[in-house]
Amino acid sequence: MAVFFSDLVQYRKLLLMIMVLGIGGTHLSGFQMSVINYTSPYIQKFINETWLERYGSVLQQETLTLLWSFIVSMYCVGGMIGCLCSGFLTAKYGKKKCLLFNDVVLIIATLNTGFSRRAKSFEMILIGRFLEGIGAGIHLSAHIQYAGEISPKRLRGFVNVSSSVFLALGKAVARILGLRDLLGTEDMWNVLLSFSGLVALIQLVFLPFFPESPPYLLLQKGDKPGCLKAMKQLWGEGNYLTEFDDMMKEKAITKGTKIMNVLEMLKEPSVYPQLGTMLLILLSLQLCGLSAITFYTSEIFQTANLQDSIIPYVSLGVSASELISLIFCSSIIDRFGRRILLWGGYLLMALILTLLEISLLLSDQFLWMRYCSVILIFLFIIAYGLGPAGAITSVMNEIFTLSTRSSAFVIGGIIIWLGLAFTGMIFPFAVRLSSTCSSQKQKGNQPLKSQRNSKRARLRKNVIRLWRRMLLKRRHSAPSSDRSPSNSH
């Protein structure tokens, strides 16, 4: 405990910088990805009302779903563009200037989304989400690299995981502010969307008081005094010869080599093992279903037939579970290492997904299985936070040198944003199809007793109808003397 408090005092400026980086970095990405859940019904109603006022007709449900998926996915399209620009911007201007420029873009974006309701223009929401995506593509890459470069060797794992912690914190903040008791109402949804601009303004004000990363100053700018000054400013007074020697060795190795762009990096065979490792862990992250849970948490719980009044609080519980597990991961990653967290986390997630599939298959036969599904989603998020969520950012930061790191993050970012864009476009239609199939299945799966009663009723009606026909036929075919015996007398 004494060591912990001594580190807290010594690295207090580093911790302050981590907070300033986080609230304007991955925190905004998590907020912007999750806040769309709570504004979903209000934005769709706003689109319908705007269309009716302009053209005098109501939008069809398929067209409305398509426009809504465009709003969700436009954020991902902007993210891909921002990610493509991030490599050049961070290499040429540094992470600090890149983030400051990015804050201005985010403020402009939130002005569009904030005033869209007053202007009666859903196109402004599209523009705002697109600009927010560009900002997210830039600050995701810049923040993760910046955090990895300002950390001393003994705290590198903890500082790397901080980007994932702030990502989860952004999701939690979005779900807290999105409650109907706060900003998640029909009158305040545009204010909720504009919250990102306030956070970006905070970073724009405070980030200039912190230095550029020491490796960038030494390796890119050749500023040795500036590098030493930045190390002392962030890490306090102490002996940092080990970190400085490592940077000097890297400078000697990369002497005469410039920062590679994406094409140059793809042609360099020596980085293929690192690229393969990065692609493997990112594809596994994209294919495990986390994107769908992030974007459409409310729709998933609605499909599970949870009450609408408790869905926001269950979603908040999901975010809180992810945040707590990531904080715990940041405290154990330097002790257990990255490989154990990756292997253990993915194995546990695979087991939970198997149990989740079984519970979904049995949910029609046992109603309590639906609650088991919700519990398993919580456990899945906790397993993700304890393992892959923190380890992936550390691995990506540590396996690349400064000359290849920016381009590697561009390639990795494109994979992430493509996966998010695909999920954002396809998942609304999948949820709608699933709810339609489940409603048809509920109509078809009547209780056995009612089915038997309906069959018996139909059979009884058919027998009575047939008996009446036979009596009428017999009466018409009988002799006249049999039909009226009294007339013969």
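The report below takes the cavities and then the salt bridges of this predicted model.

**Cavities**

The model has 4 cavities of 30 Å³ or more, and the largest cavity holds about 590 Å³ of space. Its lining is made up of 32 residues, with Leu140, Leu167, Leu285, Tyr384 and Ile416 lying nearest the centre. By class, 18 of the lining residues are nonpolar, 12 are polar and 2 are charged. Several helices supply at least two lining residues each, among them helix 3 (26–55), helix 5 (123–149), helix 6 (156–177) and helix 20 (402–444), and helix 20 gives the largest share, with 6 residues.

**Salt bridges**

The structure contains 9 salt bridges, including those in the table.

| Salt bridge | Closest N and O atoms |
|---|---|
| Glutamate 186 with lysine 45 | 2.8 Å |
| Glutamate 149 with lysine 95 | 3.2 Å |
| Arginine 405 with glutamate 149 | 3.2 Å |

Glutamate 186 pairs with lysine 45, and this pair links distant parts of the chain, since glutamate 186 lies in the loop between helix 6 and helix 7 (189–193) and lysine 45 in helix 3, 141 residues apart. Glutamate 186 is partly exposed, at 36% relative accessible area, and lysine 45 is partly exposed as well, at 37%.

Lys95, Glu149 and Arg405 are linked in a network of salt bridges. Glutamate 149 is buried, with a relative accessible area of 6%, and lysine 95 is buried at 1%. Arginine 405 is in helix 20 and glutamate 149 in helix 5, so their pair ties together parts that are 256 residues apart in sequence. Arginine 405, like glutamate 149, is buried.

Methods. Residues numbered from 1 in each chain as written. Predicted model: local features only at pLDDT ≥ 70, side-chain atom pairs only at ≥ 80, totals over all residues. Heavy atoms only, no water. 1 Å grid on protein atoms, 1.4 Å probe; cavity = no way out; pocket = protein on both sides within 12 Å on 5 of 7 lines; lining within 4 Å. Points joined across faces, edges and corners; volume = space filled by probe spheres on them. Helix = DSSP H or I, 4+ residues; strand = E, 2+ residues; numbered from the N terminus. Nonpolar A, V, L, I, M, F, W, Y, C, P; charged D, E, K, R; others polar. Salt bridge = Lys/Arg side-chain N within 4 Å of Asp/Glu carboxyl O. Buried < 20%, exposed > 50% of the residue type's maximum accessible area, 1.4 Å probe, protein only.
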